[in-house]
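Please read them beside the sequence and the coordinates.

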Amino acid sequence: MDSPETMMKVAEAWNTAWLARDLEGMKAIAADDYIQWHSHIRKEFTKTEEFDMLVEALKVMNINFYDVTLTPLTEGVLQQCLGDVELSNGAKATGVPFAMVYRIRDGQLVRCDEYVDGMSLPKLDFIPPQ
């Protein structure tokens with residue numbers, strides 16, 4: 001099991017890469033069996049699906065996370081933060097509360113469960129309906 005310090009460093013590295021829009025850096029942090037769950041669309045994405053979606057998302061969307069609080073858990077890290085979301089069509093939402101539960105194994109991110117109230121987000125047309 002990773003130490004709390006190691007898990008915090010993984011979460012911090014993930015956030016640093018996200019804020020830099022460094023998808024290749026994020027891929028290096030994510031394990032091959034990485035899973036991303038998005039509460040607002042109730043779907044799990046494999047690593048490939050998640051990064052394919054992020055490529056499309058970043059063409060039309062900018063999300064900036066701030067007021068980030070990281071709390072170590074037994075097998076990962078809880079992140080609580082606020083986010084400002086702006087779409088290329090001008091739609092935006094500010095101060096949106098997010099929570100992510102990162103699961104970490106052997107210094108890599110293996111799962112992220114992301115919680116956000118989808119009704120507080122602008123309409124995201126690039127995500128396929130479920």
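1. Contacts. Of the contacts in the protein between residues at least 6 apart in sequence, 53% join residues at least 24 apart. Contact here means heavy atoms within 4.5 Å.

2. Basis. This is a predicted model, in which local features need pLDDT of at least 70 and side-chain atom pairs count only at pLDDT 80 or more, while totals for chains, interfaces and linings use all residues. Residues are numbered from 1 along each chain as its sequence is written, and side-chain values use heavy atoms, with hydrogens and water left out.

3. Secondary structure. The protein has 3 helices and 6 strands, and from the N terminus on the elements run α-α-β-β-α-β-β-β-β. Helices (H or I, at least four residues) and strands (E, at least two) are DSSP runs, numbered from the N terminus.

4. Overall dimensions. The radius of gyration of the protein is 14 Å, close to the 14 Å that the globule rule gives for 130 residues, so the protein is as compact as a globular protein of that length. The radius is taken over C-alpha atoms, and the rule is 2.2 Å times the number of residues to the power 0.38. Along the principal axes, the C-alpha atoms fill a box of roughly 45 × 30 × 25 Å.

5. Surface and burial. The accessible surface of the protein is about 7,100 Å², and 52% of this belongs to carbon and sulfur atoms. Areas come from the Shrake-Rupley method with a 1.4 Å probe; for residues, only the protein chains shown count as cover. Buried residues account for 42% of the 130 residues, where buried means under 20% relative accessible area, exposed over 50%, and partly exposed in between (1.4 Å probe, protein chains only).

6. Aromatic pairs. How many aromatic pairs does the structure hold? There are 5 aromatic pairs. One of them is Trp14 with Tyr34, which is tilted, at 5.6 Å centre to centre and 45° between the planes. Trp14 belongs to helix H1 (residues 4–19) and Tyr34 to strand S1 (residues 30–38), so this pair ties together parts 20 residues apart in sequence. Both partners are buried: Trp14 has 7% relative accessibility, and Tyr34 has a relative accessible area of 1%. The pair Trp37 and Tyr115 is edge-to-face, because the ring centres are 5.2 Å apart and the planes stand at 65°. This pair links distant parts of the chain, with Trp37 in strand S1 and Tyr115 in strand S6 (residues 108–116), 78 residues apart. Tyr115 is partly exposed, at a relative accessible area of 39%. Rings of Phe, Tyr and Trp (its six-membered ring) pair if their centres lie within 6.5 Å; planes under 30 degrees apart count as stacked, over 60 as edge-to-face and the rest as tilted.

7. Charges over rings. Arg21 lies over the face of Trp18, 4.6 Å from the ring centre. The charged end of Lys43 sits over the ring of Phe45, at 4.8 Å from its centre. The criterion is NZ of Lys or CZ of Arg within 6 Å of the ring centre and within 35 degrees of the ring normal.

8. Backbone. Most residues other than glycine have a negative phi. Asp67, which is not a glycine, has a positive phi of about 50°. Asp67 is placed in strand S3 (residues 61–72) and counts as exposed at 55% relative accessibility. Asp106, also not a glycine, has a positive phi of about 55°. Asp106 is in the loop between strand S5 (92–105) and S6, and is exposed at 68% relative accessibility.
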